[in-house]
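Subject: Structure for your review

Dear colleague,

Please find the structure below, handed over for your use.

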Amino acid sequence: MARIEGIKDYRCFIDGDWVAADSGDVFGTTDPFTARHWANMPRCDARDVDKAVAAARAAFEARHIRSVLAAHEGNVSRAATGLGLSRSMLQKKMKEYGLRD
């Protein structure tokens, strides 16, 4: 279904931003009581799901790394051991998630 003018457009919340579906497609939703269209919803597909899952995984992993670092008082070597990672891999992930310069 095409975008219906004059009603609210909703977006997906992915990686901290409200974004349209990758395809740009939308579908209109109908209020079952009034039978009127009330909103345009993004028609998400596997690409959108993959982006959302990757963002959620990265957020979870960054939070976990922060908590382990805090438990080891910022000592990267001990935190790496606690996470089961090499020191260099932990440093790479910390840089990737913006946890340290």
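**Findings**

K8 has A39 in β5 as its bridge partner. Please note that the model is a predicted one. The bridge belongs to the pairing of β1 with strand β5 (residues 37-42), which is parallel and runs over two bridges. These strands are part of an open sheet of three strands, ordered β1-β5-β4, with mixed pairing.

The next point concerns D48, a residue of helix α1 (residues 46-71). D48 is buried but forms no salt bridge. The nearest side chain of opposite charge belongs to K51, 5.3 Å away, whereas a salt bridge would require a side-chain nitrogen of Lys or Arg within 4 Å of a carboxyl oxygen of Asp or Glu. A polar atom of the D48 side chain does, however, lie 2.8 Å from the backbone nitrogen of D22. D22 is also among the contacts of D48 beyond four places in sequence, together with I14, A20, A21 and R43.

Finally, the largest nonpolar core consists of eleven residues: A62, I65, V68, L69, V76, A79, A80, L83, L90, M94 and Y97. With residues up to four places away in sequence set aside, A79 touches V68, L69, H72 and L90. In soluble globular proteins, nonpolar side chains tend to be buried together.

Yours sincerely

Key:
Residues are numbered from 1 along each chain as its sequence is written. This is a predicted model: local features need pLDDT of at least 70, side-chain atom pairs count only at pLDDT 80 or more; totals for chains, interfaces and linings use all residues. Side-chain values use heavy atoms; hydrogens and water are left out. Helices (H or I, at least four residues) and strands (E, at least two) are DSSP runs, numbered from the N terminus. Buried means under 20% relative accessible area, exposed over 50%, partly exposed in between (1.4 Å probe, protein chains only). Lys and Arg count as positive and Asp and Glu as negative; His and the chain ends are not counted. A polar contact is a pair of N or O atoms within 3.5 Å; within protein, one must be able to donate a hydrogen and the other to accept it, and residues adjacent in sequence count only if both atoms are side-chain atoms. Contact means heavy atoms within 4.5 Å. A nonpolar core is a set of buried Ala, Val, Leu, Ile, Met, Phe, Trp, Tyr and Cys residues joined through side-chain atoms within 4.5 Å. Two strands pair if DSSP finds at least two bridges between them.
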